[in-house]
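Subject: Structure handover

Hi,

Here is the structure I promised to pass on. Please open it and keep it beside this message as you read.

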Amino acid sequence: MSTAMNFGSKSFKPRAPDKGAFPLDHFGECKALKETFMKCLRNNNFDNSLCRLQSKDYLECRMDNQLMAKEPLTKLGFKDMMDPPPSQADTDPKP
């Protein structure tokens with residue numbers, strides 16, 4: 001009988017998760033990178049500034065496997081770790 005009373009209810013509309021919420025890695029696609037990052041954190045008393053390369057690699061894996069939204073790494077705090085564009089890398093400033 002309870003189904004007869006649901007005619008007026010709205011249907012469920014899925015939406016993307018809020019920023020910072022992303023699916024679990026059920027298939028372990030990025031597990032090795034996560035473990036490397038966690039090991040680095042443990043070895044460095046959880047000072048994440050010493051594990052930025054591992055963090056970057058882990059986030060890239062998650063984005064490559066659609067486990068989180070693609071974001072430019074510069075927006076994720078890795079601007080200083082990015083290679084300069086080829087047009088800038090070719091020009092060597094003279095001292």
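Below is what I found, from the overall picture down to two residues.

Overall picture

Please note that this is a predicted model. The protein has three helices and zero strands. Along the sequence, the order is α-α-α. There are 95 residues, and 18% of them count as buried. The accessible surface is about 8,200 Å². Carbon and sulfur atoms account for 57% of that surface. I also looked at contacts between residues at least 6 apart in sequence. Of these, 48% join residues at least 24 apart.

Helices α1 and α2

Two packed helices are described by the angle between their axes and the distance between the axes. Here, α1 covers residues 31–43 and α2 covers residues 52–64. Their axes come within 9 Å. They cross at roughly 155°. The cut-off for roughly antiparallel is over 145 degrees, so α1 and α2 are roughly antiparallel to each other. Their crossing is left-handed.

Which residues meet where α1 and α2 touch? From α1 come Leu-33, Lys-34, Thr-36, Phe-37 and Cys-40. From α2 come Gln-54, Ser-55, Asp-57, Tyr-58 and Cys-61. By type, the residues of this contact are five nonpolar, three polar and two charged.

Gln-54

Gln-54 sits in helix α2. Its relative accessibility is 22%, so Gln-54 counts as partly exposed. Set aside the neighbours within four places in sequence, and Gln-54 is in contact with Thr-36, Phe-37 and Cys-40. Gln-54 and Lys-34 are 20 residues apart in sequence. In space, they are 8.1 Å apart, C-alpha to C-alpha.

Lys-56

Lys-56 is also worth a look. This residue is in helix α2. Is Lys-56 buried or exposed? Its relative accessibility is 12%, and the cut-off for buried is under 20%. Lys-56 therefore counts as buried. What does Lys-56 touch, not counting residues up to four places away in sequence? The partners are Leu-73, Phe-78, Met-81 and Met-82.

Best wishes

How values were computed
Residues numbered from 1 in each chain as written. Predicted model: local features only at pLDDT ≥ 70, side-chain atom pairs only at ≥ 80, totals over all residues. Heavy atoms only, no water. Axes fitted to C-alpha atoms, helices over the stretch in contact; angles between N-to-C directions. Helix = DSSP H or I, 4+ residues; strand = E, 2+ residues; numbered from the N terminus. Parallel < 35°, antiparallel > 145°, perpendicular 65-115°, else oblique. Left-handed = near helix turned anticlockwise from the far one by under 90°. Contact = heavy atoms within 4.5 Å. Nonpolar A, V, L, I, M, F, W, Y, C, P; charged D, E, K, R; others polar. Buried < 20%, exposed > 50% of the residue type's maximum accessible area, 1.4 Å probe, protein only. Areas by Shrake-Rupley, 256 points an atom, 1.4 Å probe, with all protein chains shown as cover.
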